[in-house]
Amino acid sequence: MDTANSEIKPLRWETLTKRKFDELDRSRCVVLVTCSPIEVHGPHLPLGADALEGEGLLERTLQALPERHRDRTFLKLPFIYAAPDTVPQPGSLFFRPSTTVAVLEDLGRGLASQGFRDVLVSNFHGSPRHFLAIEEACDRISRECGIRMVCVFSVMLARLTNGKNDLYHVLGSVPGVDRENLIDDTHGGLVETSQLLALHPDWVDPNYSKLPRRTPELWLAENGEAPVKDRGAGLPGVFQMLKEIRSGLRFFCAETYSGAPGAASPEIGNQILGILAGRSAEAVAEILDGKLTPEQCHSPLWNRRFLFVNRWMVKFANWLLGVPAGAVRTQPASQDRISPSAVPPNAR
Ligand SMILES: [Zn+2]
């Protein structure tokens, strides 16, 4: 079969009958699953933004795969939204990192017992506690069951960020993107709004173009406080990370996005998805070739995972950072105040 340039259409697990499922050669299947939260993303993006971006990136990755892997069967599971560290606003759902590990571990073990050999976990939620939880589950299952279960997002972090923790410095060359707008564009900003405009334009509120640039640093300055972000090269130290997380948490109790959504466009979104999918396809091809082993698929923070996913460290960090129970604040964010009557009484 000539598979060059033909579109790869993954099979959706939940649509298969038992007869169709039994016809699959499971050892030749690549199972795809996205694990990303339901989370408030500004006043303008759908609550499933991260999951929709994770799925969109995975689908575009398939289209960029080299010829030698295009005859595999790609089998896609519904997305999993068990994820920690969501913006503490009503509409977000919050799970402990240990829940994410448990869900993916159970899933991976079940898949391995049915004869599946390759599992790719996608994501677009940048919290270290989240992607390290995915890595932890993938690592345990790959070792225990002898299959390849990999967090694609973490491979991307390792390859594209020079050891830092965000993907944005690789996107500065996209036409129409002002590099300044990428600074702290971490949540519901230029990058995510553009990607959603490219993937699901009907689910983006058209008023996105009127939203001003907002960042924790601008917010601190407005409140007369000094900046906390370390702009140096490499990973910040643990105390510096804690300071940054604490200031980010305070910011997201008051605001719902960080970045410049007003500068977004579907064209920029397609360019960004194209760059990320191209790089992701290179990594996935190496994984399927066996050149890149699961042990080599970790993010730059893997060596610090104890601090982020250990159950007691999570409790301690939440106490230290003052993470509210259930992780949802009780006051409306400033953006909500555009129309206070629209905020239901139980959300105030
Ligand atoms: Zn997001």
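**The crossing of α2 and α10**

Reply: The axes of helix α2 (residues 49-63) and α10 come within 8 Å, and they cross at roughly 65 degrees. This is a predicted model. The crossing of α2 and α10 is right-handed. On the α2 side, the residues that take part are Gly56, Leu57, Arg60 and Thr61. They meet Leu273, Leu276, Ala277, Ser280, Ala281 and Val284 in α10. Sorted by class, this contact holds six nonpolar, three polar and one charged residues. An α-helix has 3.6 residues a turn, so residues three or four places apart point the same way.

Helix α10 also has a part in covering another helix. The buried residues of α5 are covered by elements that include α10 (266-289), together with β4 (118-122), α4 (128-145) and β5 (148-151). Helix α5 itself spans residues 152-160, and its buried residues are Val152, Phe153, Ser154, Val155, Met156 and Leu157.

Just after α12 comes glycine 322, which takes a positive phi of about 70 degrees.

Most residues other than glycine have a negative phi. Aspartate 85, although not a glycine, has a positive phi of about 60 degrees. Its place is in the loop between β3 (73-76) and α3 (97-113). Aspartate 85 counts as buried because 27 other C-beta atoms lie within 10 Å, where 20 or more are required. Aspartate 184 likewise has a positive phi of about 60 degrees without being a glycine. This aspartate is found in the loop between α6 (179-182) and α7 (190-199). Aspartate 184 is buried too, with 21 other C-beta atoms within 10 Å.

These details belong to a chain with twelve helices and five strands. Of its 348 residues, 44% are buried. Among contacts between residues at least 6 apart in sequence, 80% join residues at least 24 apart.

Methods:
Residues numbered from 1 in each chain as written. Predicted model: local features only at pLDDT ≥ 70, side-chain atom pairs only at ≥ 80, totals over all residues. Buried ≥ 20, exposed ≤ 12 C-beta atoms within 10 Å, placed from the backbone. Helix = DSSP H or I, 4+ residues; strand = E, 2+ residues; numbered from the N terminus. Contact = placed C-beta atoms within 7 Å. Axes fitted to C-alpha atoms, helices over the stretch in contact; angles between N-to-C directions. Left-handed = near helix turned anticlockwise from the far one by under 90°. Nonpolar A, V, L, I, M, F, W, Y, C, P; charged D, E, K, R; others polar.
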